[in-house]
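Colleague: I'm new to this one. Could you walk me through it?

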Amino acid sequence: MGFSLTGTHVIFFIASVIIAGAVSGVFIAVTTNVSTSLSDKGDRVQDQLDTDFTIINDPNNIPTSGSDYLFYLKNIGGKKLATTNETFQLLIDGDIVATANYNFTDSSIQPSEYTTIYVEETLSAGDHKLKIVGPQAIEDEFTFNI
Amino acid sequence: MGFSLAAAAAIIGVSTLIVVGTAVENILPTMIDTNESYDDMKNRASDQVQTDINITSVITPSNGSNYDLNFTVYNTGSVVLETSYFNILINGTVQQFTSTGSYLYPENEVYFNVTNLPGAGTRILKVTTDNGISDYYEYTIV
């Protein structure tokens, strides 16, 4: 009878330790995941706040080079901008420009610097709208006349 | 029974401390960095609002069959501007230039010089500051 009581206590003790351990494990795992996600989200927000750019062309005088139109992109944000076909997407009058049809003269630009985008598109005379979507979906719109 | 409860409470207590430590260690630096980025963005926006320039005194002396362009940019805003990061466009095309000062202080002016430009007739000059604020000036080569 005495052994049964002790045995019961031991079983209760082991069970409670196992349950507490399991609860703690889940608790730690979930909190670690949530805090890592929050940290990642914070990094993305930080990137969004640091990223800003603008098109500095004269809207009535878009220069050309062969069949390419030249657009000047200036980094007015607080961090270096990677200027590649993967980081920037171009839309002209709402239609996306194929990545093969534009390229940058520089692979990156520091704050206050500019780069030239060569865009190979056939545009009719008149008004057009260029939308540039950059890293973290930061965008700039530029209305120009050909 | 009481000992089991104490052991379980101790395990959960220790895990709570670990969780709080992990959360603070991960989230606090992110919050500090994000706050700094927000302050930087606020300062940039504030600088842009307080930046303004005016192009004045444009002259176009001839240089052989071409011409030079000399003009003054007056800082009518309240932000110090770095002239090496200015962009000068003539009829839409970026031009290389020299200036008499590295910084353009509020209520001051700096002279800019672009040499050996081709063409004749009316031209549009656009000057963009380091933070993206612009001014236009139309001139005619005589």
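Colleague: What should I know before I start?

Modeller: This is a predicted model, so local features need pLDDT of at least 70 and side-chain atom pairs count only at pLDDT 80 or more, while totals for chains, interfaces and linings use all residues. Residues are numbered from 1 along each chain as its sequence is written, chains are lettered from A and ligands numbered from 1 in the order in which they are written, and side-chain values use heavy atoms, with hydrogens and water left out.

Colleague: OK, in what order do the four strands of the open sheet in chain A come?

Modeller: The order is β6-β5-β10-β11, with antiparallel pairing. Strands here are DSSP runs of E with at least two residues, helices are runs of H or I with at least four, and both are numbered from the N terminus. Two strands pair if DSSP finds at least two bridges between them.

Colleague: And which strands stand at the edges?

Modeller: β6 (95–96) and β11 (139–145) of chain A. Each has a single partner strand, so one side of each is left without a neighbour in the sheet.

Colleague: How many bridges does β5(A) make with β10(A)?

Modeller: Four, and the two strands run antiparallel.

Colleague: Which residues of β5(A) are on its covered face?

Modeller: A:L90 and A:I92, while A:Q89 and A:L91 are on the uncovered one. In a regular strand the side chains alternate between the two faces of the sheet.

Colleague: Where else does a positive phi turn up?

Modeller: A:A137 has one of about 60 degrees although it is not a glycine. A:A137 sits in the loop between β10 and β11 of chain A, and counts as exposed at 54% relative accessibility. For reference, buried means under 20% relative accessible area, exposed over 50% and partly exposed in between, using a 1.4 Å probe and protein chains only. In chain B, the non-glycine residue B:N91 has a positive phi near 50 degrees. B:N91 is in the loop between β5 (87–90) and β6 (93–95) of chain B.

Colleague: Switching topic: is A:F104 buried or exposed?

Modeller: Buried, with a relative accessible area of 12%. A:F104 belongs to strand β7 (residues 102–104) of chain A. A:F104 and A:I117 are 13 residues apart in sequence, with 4.6 Å from C-alpha to C-alpha.

Colleague: And the surface? Which residues gather in the patch of negative charge?

Modeller: A:D40, A:D43, B:D33, B:E36 and B:D40. The elements giving two or more residues are α1 (2–50) of chain A and α1 (2–49) of chain B, and α1(B) gives the most, with three. Patch residues have over 30% relative accessible area and no salt bridge, with like charges joined within 9 Å and nonpolar side chains (Val, Leu, Ile, Met, Phe, Trp, Tyr) within 5 Å. A salt bridge is a side-chain nitrogen of Lys or Arg within 4 Å of a carboxyl oxygen of Asp or Glu.

Colleague: How exposed is B:E36?

Modeller: Partly, at 47% relative accessible area.

Conventions:
Accessible areas come from the Shrake-Rupley method with a 1.4 Å probe; for residues, only the protein chains shown count as cover. Lys and Arg count as positive and Asp and Glu as negative; His and the chain ends are not counted. The place of a charge is taken as NZ of Lys, CZ of Arg, CG of Asp or CD of Glu.
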